[in-house]
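I set aside some time to go through this structure and keep notes on what I looked up. The entries follow in the order I made them.

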Amino acid sequence: MSTLVFLEHHDGEIQKGSLGVLAKAASLGDTDAVLVGEGVRGLAADAGRHGAQAVHVADDASLAAPLSQPRVDVLAKLAADYDAVLFANSVLAADVAAGLAARLDAGLNWDLVDITADFVGKRPALQDSVLVDVAWKSTPRLALFRSGSFDPDPGARSAAEVRDVAFELEDFSTAATMVEQAHAEATGPSIEDADVIVAGGRGLGAPENFTLAEELARALGGAVGATRAVVDAGWYPYSAQIGQTGKTVSPKLYVALGISGAIQHKVGMQSSSVIVAINKDANAPIFEFSDLGVVGDVHEIVPKLTELVQQRKSS
């Protein structure tokens, strides 16, 4: 079975989620990748190291803006030669995958967390309590995988063949132009790529108290996340929201500060390897699925924890 993986990139780097999907696909069989944008040719070597046998490159100034329809134009030309096209979930990738499904009248399964060699997808259901099997009725099979489902494998291959893609943009694909692109202010890794996440909830008490989460995350070398309630209150940007209406993450360590553990938040972080919760409410639901729970005031515990981590790092 031949597979094509869409590689999303930002600031000159291929996204970790895309490389993870590429590694998974490469472990199952023949896998190629596609890079679309301006100045992306230099990323082809990295794609090769992570498992791509061949990398299709559409490198042109007309593709510089991260808009979905021009990318659909490129993928539509390539998809007919493959049994499946795989995506790592993001706002852009989801838009591209949906557009490609509509363009090709192809089936799209989304929110997958795994896939088998005979191409049966695994999707969480019933609030992530079970996994169900999903399939496709026709080719190409389109699949969108939940963030953090797979880890990259930088030693999968040594090199890849680079192929230039000849493409034409549809008239409607050039109708939209990007006027401005907002960039989140961040000093560390994104929550989708971070191995450690320190997330804050309403239990922090006020937006200025998010410095507790930021300082602990900095000490641990991680990223800061937030609950929907916090984001809705304007305490923290939406880019950090974790949960059913935010992002799904799977870090090695997830530290929850003042988070009650509502089901909407749980579905976004419960696949974390280790979950540590600090909350003054001993009956908070988050303690039911945490690996370690601390009942106490985050304002007293977190500064001491941050200091201890800093001491251990400096010793």
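How many of the six residues of β5 are buried? I began there, keeping in mind that the model is predicted. I found that five of the six are buried, which leaves β5 mostly covered.

Entry on the partner of β5. I checked the pairing with β4 and found it parallel, with five bridges. One pair I noted is A33 with V55, the latter lying in β5.

Entry on the nonpolar cores. I looked up the largest one and counted 27 residues in the listing. L7, L35, L86 and F145 have the most contacts inside this core. At least two residues each come from β1 (3-7), α1 (16-28), β4 (31-37), α2 (44-49), β5 (54-59), β6 (84-88) and β11 (141-145). The element that gives the most is α1, with four residues.

I then took L86 and listed what it touches, leaving out residues up to four places away in sequence. The contacts are T3, L4, V5, F6, V21, A25, F119, A143 and F145.

Entry on N109. This residue sits in strand β7 (residues 108-112). Is N109 buried or exposed? I read a relative accessibility of 10%, so N109 counts as buried, the cut-off being under 20%. Its side chain makes a polar contact of 3.0 Å with the side chain of R123. Beyond four places in sequence, N109 touches R123, V134, A135, W136, L142, A143 and L144.

Entry on the open sheet. I traced three strands in the order β8-β9-β10, with antiparallel pairing. The edges are β8 (114-115) and β10 (130-134); each has a single partner strand, so one side of each has no neighbour in the sheet. Strand β9 (residues 121-125) pairs with β10 over five bridges, in the antiparallel sense. Within that pairing I found A125 opposite V130 of β10.

Entry on α8. Helix α8 (residues 298-314) has 17 residues, and I read 24 Å from its first C-alpha to its last, close to the 24 Å expected at 1.5 Å a residue. Which residues of α8 are buried? My list has V298, V302, T306 and V309. They lie on the same side of α8, because the arc they cover around the axis is only 65 degrees. In general, an α-helix has 3.6 residues a turn, so residues three or four places apart point the same way. On the face turned away from the buried side I found the exposed residues E300, K304 and S314. I also looked at what covers the buried residues of α8; this includes α5 (210-220), β15 (253-257) and β16 (274-279).

Entry on G243. I placed this residue in the loop between α6 (228-232) and β15. G243 has 4% relative accessibility, so I put it down as buried. Leaving out residues up to four places away in sequence, G243 touches Q264, H265, V267 and G268. From G243 to S290 I read 16 Å in space, C-alpha to C-alpha, for a separation of 47 residues in sequence.

How values were computed
Residues numbered from 1 in each chain as written. Predicted model: local features only at pLDDT ≥ 70, side-chain atom pairs only at ≥ 80, totals over all residues. Heavy atoms only, no water. Expected span 1.5 Å × (residues − 1). Buried < 20%, exposed > 50% of the residue type's maximum accessible area, 1.4 Å probe, protein only. Arc of directions from axis to C-beta. Contact = heavy atoms within 4.5 Å. Pairing = 2+ DSSP bridges. Core = buried A, V, L, I, M, F, W, Y, C linked by side-chain atoms within 4.5 Å. Polar contact = N/O pair within 3.5 Å; in protein donor to acceptor, adjacent residues only side chain to side chain.
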